[in-house]
Amino acid sequence: MSEIYFVRHGQASFGSSNYDQLSELGHEQARLLGEYFRERDMGFDHIITGDMVRHRETAEGICTGMGLGAQQFAVYPELNEFDFHSVLRAYTTQFPEHALPEKPVAADFFRRLKKGILLWSTGELEGELPETWASFEQRLGAFRESVMQRHAGQRLLAVSSGGAIAMLVRQLLQAPESTMVELNLQTRNTALTHCRFNSHSMRLSSFNNVPHLDRLDRESMITYT
């Protein structure tokens, strides 16, 4: 059996003008994950990323921790996150009474985003969106099929985002749409989701593990944003 490790990017710059870049902690999380791989002598035949900055920076940090030089990553836009800013904006426009407070905290943001994603998944979210739920599902399914057909006998590392990984896991479990939302909101930064596959199927082995941070002196480094 072949295997693929999906990694959610390190902590991004939540609350800043540009979310699509790692925070200082996010860079450290990625490096520590690379050290974890190096300590266990885990190598990868290919390192795959989406085409977002936070994906590339996470992959670079992992490579630094592994003691590797500059690497060329195979870029798959299918691994990109859905446009959660558009989903949130559409939701608060449709329900102006749920507009974000003047000084929102993370809980305010995610509470509304969860409701917006659920409406998006059922086709009830109004307004112009850059991607339909069906398109989101299809691109993750297409990525999975591509991996299964092209990478037999290999170990892959794929750096992506919480929503994309949650969608893929939902598909593997053949679970309802609401499962994607729950998985998305609990996925930790630089968490590992491990799958085994052959040319016919892909199966979930483990989800949302942070072995590189699972120790008392690093508990404060476990983040979700």
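Why do helix 5 and helix 6 count as roughly perpendicular or otherwise to each other?

Reply: The model is a predicted one, and every value below is computed from it. Start with helix 5, residues 133-150, and helix 6, residues 162-173. Their axes come within 10 Å and cross at roughly 75°. Angles from 65 to 115 degrees count as roughly perpendicular, so helix 5 and helix 6 are roughly perpendicular to each other.

The residues that meet can be picked out on each side. Helix 5 brings Trp133, Phe136, Glu137, Leu140, Gly141, Phe143 and Arg144. Helix 6 answers with Gly163, Ala164, Met167, Leu168, Arg170, Gln171 and Leu172. Sorted by class, the contact of helix 5 with helix 6 has 8 nonpolar, 3 polar and 3 charged residues.

Helix 6 also packs against helix 7. Here the angle is about 140° and the axes are 8 Å apart. An angle has to be over 145 degrees to count as roughly antiparallel, so helix 6 and helix 7 are classed as oblique to each other. Their crossing is right-handed. From helix 6, the contact uses Gly162, Gly163, Ala166, Met167, Val169 and Arg170; from helix 7 it uses Glu177, Thr179, Met180, Leu183 and Asn184. This contact has 5 nonpolar, 4 polar and 2 charged residues.

Helix 7, residues 177-186, has another partner in helix 4, residues 106-121. The axes of helix 4 and helix 7 come within 9 Å and cross at roughly 155°. That angle is over 145 degrees, and the two helices are therefore roughly antiparallel to each other. Helix 4 passes helix 7 in a right-handed crossing. On the helix 4 side, Phe110, Lys114, Ile117, Leu118 and Ser121 take part. On the helix 7 side, the residues are Glu177, Ser178, Met180, Val181, Glu182, Asn184 and Leu185. By class there are 6 nonpolar, 3 polar and 3 charged residues in the contact of helix 4 with helix 7.

The structure holds 1 cavity of 30 Å³ or more, with about 30 Å³ of space in the largest cavity. Phe82, Asp83, Val87, Trp120, Leu129, Pro130 and Glu131 line this cavity. The lining divides into 5 nonpolar, no polar and 2 charged residues.

Note on methods: Residues numbered from 1 in each chain as written. Predicted model: local features only at pLDDT ≥ 70, side-chain atom pairs only at ≥ 80, totals over all residues. Heavy atoms only, no water. Axes fitted to C-alpha atoms, helices over the stretch in contact; angles between N-to-C directions. Helix = DSSP H or I, 4+ residues; strand = E, 2+ residues; numbered from the N terminus. Parallel < 35°, antiparallel > 145°, perpendicular 65-115°, else oblique. Left-handed = near helix turned anticlockwise from the far one by under 90°. Contact = heavy atoms within 4.5 Å. Nonpolar A, V, L, I, M, F, W, Y, C, P; charged D, E, K, R; others polar. 1 Å grid on protein atoms, 1.4 Å probe; cavity = no way out; pocket = protein on both sides within 12 Å on 5 of 7 lines; lining within 4 Å. Points joined across faces, edges and corners; volume = space filled by probe spheres on them.
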